[in-house]
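Please look over the structure below before reading on, and keep it in view as you work through the points.

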Amino acid sequence: MNLKKFAVRGIVSLAVFVALCMFFSGTVRTITTPKVRLTSAKRGKLEERVELSCKVAFPEVDKVEFPLGEDVTLSIVRVNTREGYTVEAGEVVIEARIANYDQQRKQYQEAYDGASEALLTLENKNRGLRISRRDRAYADAYYALRDARREAVALQMDLEAQLTKEGLQAVDEGYPEGASDELKKLIDEHRAAVKAQAEAQAAMDTASRYNVDDTVWSYITEQREQQQKQTEAEEALRALVALNDKVQAITAPHDGYIAELLVKDGDTYDGSTPLYTLTAEDKLPTLRADVSELSRNVTEGMTVTMNPDSYDAIETKVINVGTDSEGRKYADIELTSQLIKARGSVYSMTQEETPMTLIYSAREATSLLPTSAVRGSGEERYVYVAEQNTAAFGGSTLKLHKMDVKVLGEYGGTTSIQEDISYYTIAYGEDRAISDGDAVMEYLN
């Protein structure tokens with residue numbers, strides 16, 4: 001009986017001893033085995049982000065001018081808009097008036113009245129003078145020839161100047177080889193003037209067969225002179241009044257955004273320069289960013305986002321890349337209606353810079369891993385693949401296997417790998433040094 005009890009006690013002690021050995025061996029293995037984190041590569045396009053500051057730019061504009069005659073100056077009364085504002089076709093942008101309007105109007109009116117009075121005096125002095133149809137025909141022919149000669153000479157001078165400018169010589173027929181459209185037009189006008197002069201000369205030759213009395217001729221020439229003065233004064237007065245009415249409401253030629261105002265309230269304007277610039281028809285402003293300091297090239301079509309990581313992110317794109325007058329490289333970014341709404345208006349965007357994020361996105365999807373999981377440097381880069389092995393008496397272990405990889409790019413804690421390793425389990429974040437062939441354990445938390 002005692003022997004039996006002894007055997008039972010021995011078996012129990014052995015079981016306890018084996019259990020303790022198994023416990024402590026597991027504990028020792030747990031303590032001595034490196035711990036790692038496990039991850040898998042994801043397929044996607046590596047994105048690199050660069051923060052930009054953008055300003056509103058107007059790359060395509062129309063210069064809005066208001067040509068004026070000699071000695072005419074405008075006084076700008078009111079500018080009804082601001083840079084960055086939208087205007088519609090026909091909307092009054094600038095209100096002005098002719099600076100010396102009252103003085104000029106008085107001058108033209110006095111010239112007209114003086115000519116009218118001179119005509120009345122002339123008629124009274126020559127009330128009994130008889131003017132025949134032949135006398136009138138001679139006078140008409142004379143003045144027609146005079147005007148035709150003046151026109152022909154003026155066009156001849158313009159034609160010679162244009163020929164010299166283009167390095168060509170006149171031809172009797174057709175046009176010189178290589179003549180511009182402007183030169184061809186001058187040639188046509190000059191030939192028409194020469195023909196008109198010849199016809200006027202023929203009419204004058206016919207009219208010269210008849211003599212005109214000196215008194216009659218003096219009357220006719222003075223009458224024409226005063227009539228000409230009267231006509232010129234009347235035309236100038238009408239033009240002055242019409243111009244003054246027009247400049248009181250200088251309107252936009254088409255819909256667009258005001259790019260630059262070149263006059264302000266109280267300025268004087270002589271018509272030699274634009275009043276303002278307006279975005280070209282059907283063209284929008286852009287956001288322009290200085291990218292001359294970026295290490296990577298910026299190309300058309302690249303994605304640009306405002307608030308990229310928020311629920312209200314707004315995406316746009318680069319639509320043009322160029323170099324400014326100072327030699328600095330810039331990128332023009334499409335200004336969408338959604339972006340304008342988010343920033344309030346184009347005008348508000350002209351008052352401060354707009355923060356944007358330029359996103360470099362790889363052309364093709366690759367394997368993406370946390371940068372800490374990719375080891376080595378330069379061309380010698382590798383990862384540790386964790387392969388699961390089943391033990392002989394059950395259970396499993398993780399064993400590391402070194403795999404060489406080619407790194408395509410790195411940004412923001414993410415590395416792009418050329419090889420497709422998405423179906424491998426990658427070990428990283430170890431708690432101690434590891435090497436190829438090591439057995440490891442996964443962190444449980």
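This is a predicted model: local features need pLDDT of at least 70, side-chain atom pairs count only at pLDDT 80 or more; totals for chains, interfaces and linings use all residues.

Residues are numbered from 1 along each chain as its sequence is written, and side-chain values use heavy atoms, with hydrogens and water left out.

**Confidence**
- The pLDDT (the predictor's confidence in each residue, from 0 to 100) averages 86 over the protein, and 91% of the residues score at least 70.
- Over residues 22-26 the pLDDT is below 50, and beyond near neighbours in sequence this stretch has zero contacts (heavy atoms within 4.5 Å) in the model.

**The sheet**
- Four strands (DSSP runs of E, at least two residues) form an open sheet in the order S8-S7-S5-S10, with antiparallel pairing (at least two DSSP bridges between two strands).
- Strands S8 (250-251) and S10 (268-269) each have a single partner strand, so one side of each is left without a neighbour in the sheet.
- Strand S7 (residues 92-98) pairs with S8 over two bridges, and Ile94 stands opposite Ile250 in S8.

**The helices**
- Ser116 is placed in helix H2 (residues 101-125; helices are DSSP runs of H or I, at least four residues).
- Ser116 counts as buried (under 20% relative accessible area, with a 1.4 Å probe and protein chains only) because its relative accessibility is 18%.
- In helix H4 (residues 181-207), the buried residues include Leu183, Leu186, Ile187 and His190, and what covers the buried residues of H4 includes helix H3 (133-166).

Terms used:
Buried means under 20% relative accessible area, exposed over 50%, partly exposed in between (1.4 Å probe, protein chains only). The expected span of a helix is 1.5 Å times one less than its number of residues.
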